[in-house]
Amino acid sequence: MKRYLPLLVMAIFVALVITATTYLIGYAGKQNKSSLPTITVYTTLPVEQVAVLAQEYERVAKVRVTITPLTEKDLFSRLIEEAGAPQADLILANRKTLKQARNNALLIPYQSEYTDIVPNRFQDTDGYWVGVWYDPIIFAANQDYLNSTKKKPAKWSDLSADSKQRLGLTDFLAADAAANLLYTLVAVDGEQPTLDLLKKIHPQVVQYAKFLATPARMASMAEVDLAISVHSEAMRYVKDGFPVQIIYPEEGTAFLLTGVGLVRNTAHTVEAQQFIDWLTQEEALACMAQHKFYFMPTNPGTTMYREYAAKNIKLLDHHDMYSPEQQRKILDKWVQQARLGIQ
């Protein structure tokens, strides 16, 4: 019996060592995870879009990104309330929100060799925010319809050429990206010609959708012949093999720009600046594409930018032309003249 005792003691000792080592490794892992530097992003974007970026950045940079989704109104309220001790380091939002944040002295400028390459049209002239991707409005045409029609639609005026063509688009009252198209067409073509066109195609509209994703889905399922859609949603169906083709309007189109700005008095300036730089690079957009978020990069040094540049997409800017009050008046006229037929 005595000769087995040392073996028993040794076995117990080894088990204790393994248990202790396993515990320490697990504890160390938890400690490393919790000790990661953290930055907080206030965003008006869908949280599922930002979440994939946060997860990827933590993996490659070992920096945790905490996301706080907010409405535009709540975002400004929070930033103003926290002005003395800000909880957010960055704002990730559309251009309109970022411009308002700058006008309310909520941002500080930041420029680097990474942001400097972004074209001026995609960033603030003084570096208070930089655009990281954009989403243009395009035509998403059902392939069966294209095969059956003699003239492929290429311009906005072509939408009214075929009175039997079934159209789908998002209600201008339902989403900023949709309303942005209305303001852009008015800025370029004039108010009355634009309203006349929209009134003329009104009988062809199968549905004024409530969501940006709906028109592209309808075109892919042959519920409409052509959808006026954001590029990102139409590209999902193209990538998934649906019979839908993207057409970029020849005379140009509206687009929704998403950018990022550095919050004033942030406690994590360096980490936040590094995240801004990363958002402008190839890896960020590639990560989003892997999760079926197909946006166009603003950085001309990326492969994706050069691929889209070959398609000769013409973008139309209008964003400084109309005040909120003027925009409301344009929307009211669209409802009265195009939707209700009231002159």
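Which residue forms a salt bridge with Glu 325? Select Lys 329: the closest N and O atoms of the pair are 3.8 Å apart (a salt bridge is a side-chain nitrogen of Lys or Arg within 4 Å of a carboxyl oxygen of Asp or Glu). Both residues lie in helix 14 (residues 324-339), 4 residues apart, about one turn of the helix. Helices here are DSSP runs of H or I with at least four residues, strands are runs of E with at least two, and both are numbered from the N terminus.

A quick note before moving on: this is a predicted model, where local features need pLDDT of at least 70 and side-chain atom pairs count only at pLDDT 80 or more, while totals for chains, interfaces and linings use all residues. Residues are numbered from 1 along each chain as its sequence is written, and side-chain values use heavy atoms, with hydrogens and water left out.

Next, pick Asp 171 and Lys 210, whose side chains meet in a salt bridge at 3.7 Å, N to O. Asp 171 sits in the loop between strand 6 (167-170) and helix 7 (176-189), and Lys 210 in the loop between strand 7 (205-209) and helix 9, so the pair ties together parts 39 residues apart in sequence. Colour by accessibility: Asp 171 is buried at 5% relative accessibility, whereas Lys 210 is exposed at 55% (buried is under 20% relative accessible area, exposed over 50%, partly exposed in between, with a 1.4 Å probe and protein chains only).

Now jump to Asp 240 and Lys 292, a salt bridge with its closest N and O atoms 3.2 Å apart. Asp 240 is partly exposed at 40%, and Lys 292 is partly exposed at 39%.
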